[in-house]
Amino acid sequence: MAGRLPLVLLACGSFNPITHQHMRLFELARDHMHQTGLYRVVGGIVSPVGDGYGKQGLVASKHRLAMARLALQSSDWVSVDDWESQQADWTETVVTMRYHYGHIAAQYHHSKDPPTNEQPASDVPQLKLLCGADFMDTFKVPGLWMDDHVEEVVGRFGLVCVSRGSLQPDRAIHESDLLSRHRQSIFLVREWVHNEISATEIRRALRRGHSVKYLLPDSVIDYIREHNLYTQDSEMKNKDVKLRPLAMQAIQD
Amino acid sequence: MARLALQSSDWVSVDDWESQQADWTETVVTMRYHYGHIAAQYHHSKDPPTNEQPASDVPQLKLLCGADFMDTFKVPGLWMDDHVEEVVGRFGLVCVSRGSLQPDRAIHESDLLSRHRQSIFLVREWVHNEISATEIRRALRRGHSVKYLLPDSVIDYIREHNLYTQDSEMKNKDVKLRPLAMQAIQD
């Protein structure tokens, strides 16, 4: 794949728990970006959100990290990163992206061999945010995103958005002037195999003692069972807590 | 591939009787075979009933299918009426609906199925998981990843044997489905 731009895909989210659906996003995105003829995907990062996010039913990050690591054991290019979950407070997506980009760039400069005739200088890998279509809808939730953050996440870095089910990312872009302005930085991937394994449904099935076999890796199911992670009680966690980004916005207003 | 996939299951297994038969076998014939086998095993291993352990029943056998299967009942010539009576009425169906298909409507639109409504158990699949084998084969032909859609062991097997290609998809392109061919001969 000579002459292509190296690319790393970053997925942020609760991963509560990680499912086959999450991992499919990476596979679909990689195939799509390769097909453009412009990119060579060199890595994938799963970055579970910190406990401070305050989402209802969010179990401790140490468990979410452990499950993600188990799930990604069989992947040779996607790994889990705990930087975001280790931060004291909830971290804006743009801050997480700046951190990972800085890390990627540092690694690149550190290991770069001097260019030769046979091996011309390669570029610093780009970093793009990998997300599902429902993520596109979050841009219109009042107070959830700061405009200049959206500019940076979408414009400077770029999005790779995998549409699942009947959601319409095209419409979300259309209905936002900000997103529309950065249309060329948004790559839309169609998921023809309709695979809507939502973590919410998984947790519901677990609470009711229903089987989730084949929806997540066996190793993750075993982990959940061992630690009795998803129960009525765990789902009540953060029930009356405001989502951190909204709480922060309210303070600033 | 099915054996590889089911290695991690402690209650589902693969049976090759149907695939070993010389000709295509009607569903009802396959069901009769398996029921006979189950009943024989039951009678063979049955302990005499005691106060603590009363006689258990011979296991029932029901056909597990997806909602698209319900639609096959209305394809002309695909099913014989008395076979439908036996599969649905005598044995019973457990039908898992996927996506937007409506098994309820299929039952409603068939007098035969409606008559056996109590023998049909409808299961709602709330986690929409429409991994169709057709899409899998399409992805494989195009060199796309199917990781996390099937077990790794099955993906490896497919790769080793180069199973799904343009050529493999063309197999039986102009061949009539056996049940329909048989029906045509009998007409």
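Helices (H or I, at least four residues) and strands (E, at least two) are DSSP runs, numbered from the N terminus. This is a predicted model, in which local features need pLDDT of at least 70, side-chain atom pairs count only at pLDDT 80 or more, and totals for chains, interfaces and linings use all residues. Residues are numbered from 1 along each chain as its sequence is written, chains are lettered from A and ligands numbered from 1 in the order in which they are written, and side-chain values use heavy atoms, with hydrogens and water left out.

**View 1. B:T30, tucked into a helix of chain B.** Here we look at helix α3 of chain B (residues 27-45), which holds B:T30. B:T30 has 9% relative accessibility, so it counts as buried (buried means under 20% relative accessible area, exposed over 50%, partly exposed in between, with a 1.4 Å probe and protein chains only). Who touches B:T30, if we skip its neighbours within four places in sequence? The partners are B:W17, B:E18 and B:T25, where contact means heavy atoms within 4.5 Å.

**View 2. Chain A as a whole, before we zoom back in.** Chain A is built with twelve helices and six strands. Its radius of gyration is 19 Å, close to the 18 Å that the globule rule gives for 253 residues, so chain A is as compact as a globular protein of that length. (That radius is taken over C-alpha atoms, and the rule is 2.2 Å times the number of residues to the power 0.38.) Along the principal axes, the C-alpha atoms of chain A fill a box of roughly 60 × 45 × 35 Å. Of its 253 residues, 53% count as buried. Take the contacts in chain A with a separation of 6 or more: 77% of them come from residues 24 or more positions apart.

View 3. Is A:V41 buried or exposed? With 10% relative accessibility, A:V41 counts as buried. Leaving aside neighbours within four places in sequence, A:V41 is in contact with A:L7, A:L9, A:R30, A:M33, A:H34 and A:W77. A:G143 sits 102 residues apart from A:V41 along the chain, and their C-alpha atoms are separated by 33 Å.

**View 4. Two helices of chain A crossing.** Helix α4 (residues 93-111) and helix α6 (residues 147-157) of chain A pack at an angle of about 40°, with their axes 9 Å apart. (Axes are lines fitted to C-alpha atoms, for helices over the stretch in contact, and angles run from 0 to 180 degrees between N-to-C directions.) That makes α4(A) oblique to α6(A); angles under 35 degrees count as roughly parallel, over 145 as roughly antiparallel, 65 to 115 as roughly perpendicular and the rest as oblique. α4(A) brings A:T93, A:V94, A:M97, A:R98 and A:Y101 to the contact, while α6(A) brings A:H149, A:E152, A:V153, A:R156 and A:F157.

View 5. The peptide bond from A:N16 to A:P17 is cis, with omega near 0°, and A:P17 is found in the loop between β1 (5-13) and α1 (20-35) of chain A. A:Y214 is not a glycine, yet it has a positive phi of about 80°. You'll find A:Y214 in the loop between α9 (199-207) and α10 (218-227) of chain A, partly exposed at a relative accessible area of 44%. Over in chain B, B:N162 isn't a glycine either, but has a positive phi of about 45°. B:N162 lies in the loop between α9 (152-161) and α10 (166-170) of chain B, and counts as exposed at 55% relative accessibility.
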